[in-house]
Amino acid sequence: MKTDLFNKFLTFLNQLQQQKINYQISHHQDEAIMITVSIVGERWEIEFLENGDIEVEKFISNGEIRGEEALKELFERETADDSLIEKVSVLT
């Protein structure tokens, strides 16, 4: 089974290269390897899992382009998420 997954993984990478599609390989979970593919207006996260599954998640842009002011939102949202995590940690 693992050989089959490895073959699928290599076939997928070879196809990306043949099609000249840019990608990045990353490792965020012990049991998975992620391939991130960025094409115009979309980002795809494809995970090859140790159990033989392949999971695909697509992020699609609405086409809105914002300026530098949007960076403030990034940090405000991250700070808000951290505050929530701190509150949950205190409760446990």
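Which residue in E2 does Ile25 stand opposite? The legends below take up this pairing and other details of the predicted model.

The model is predicted, and local features need pLDDT of at least 70, side-chain atom pairs count only at pLDDT 80 or more, and totals for chains, interfaces and linings use all residues. Residues are numbered from 1 along each chain as its sequence is written, and side-chain values use heavy atoms, with hydrogens and water left out.

**View 1. The open sheet has four strands in the order E1-E2-E3-E4, with antiparallel pairing.** E1 and E4 (54–60) are the edge strands, each pairing on one side only. From one strand to the next, the twist averages 20°. Axes are lines fitted to C-alpha atoms, for helices over the stretch in contact, and angles run from 0 to 180 degrees between N-to-C directions. Strands are DSSP runs of E with at least two residues, helices are runs of H or I with at least four, and both are numbered from the N terminus. Two strands count as paired if DSSP finds at least two bridges between them. Strands of a sheet pair through backbone hydrogen bonds, either parallel or antiparallel.

**View 2. E1 and E2 (residues 32–39) pair in the antiparallel sense over five bridges.** The two strands form a hairpin with two residues between them. Ile25 stands opposite Ile35 in E2.

**View 3. Ser26 lies in strand E1 (residues 23–29).** A polar contact of 3.1 Å joins its side chain to that of His28. Such a contact is a pair of N or O atoms within 3.5 Å; within protein, one must be able to donate a hydrogen and the other to accept it, and residues adjacent in sequence count only if both atoms are side-chain atoms. Leaving aside residues up to four places away in sequence, Ser26 touches Ile33, Met34 and Thr36, where contact means heavy atoms within 4.5 Å.

**View 4. E2 and E3 (residues 42–49) run antiparallel and are joined by eight bridges.** Val37 stands opposite Trp44 in E3. The hairpin of E2 and E3 has two residues between the strands, and Gly41 takes a positive phi near 80° there.

**View 5. E3 and E4 pair in the antiparallel sense over seven bridges.** Glu42 stands opposite Ile60 in E4, and the bridge partner of Arg43 in E4 is Phe59. Four residues lie between the strands of this hairpin, in which Gly52 has a positive phi near 100°.

**View 6. Asp4 forms a salt bridge with Lys8, with the closest N and O atoms 4.0 Å apart.** Both residues lie in helix H1 (residues 2–18), four residues apart, about one turn of the helix. The structure holds five salt bridges, each defined as a side-chain nitrogen of Lys or Arg within 4 Å of a carboxyl oxygen of Asp or Glu.
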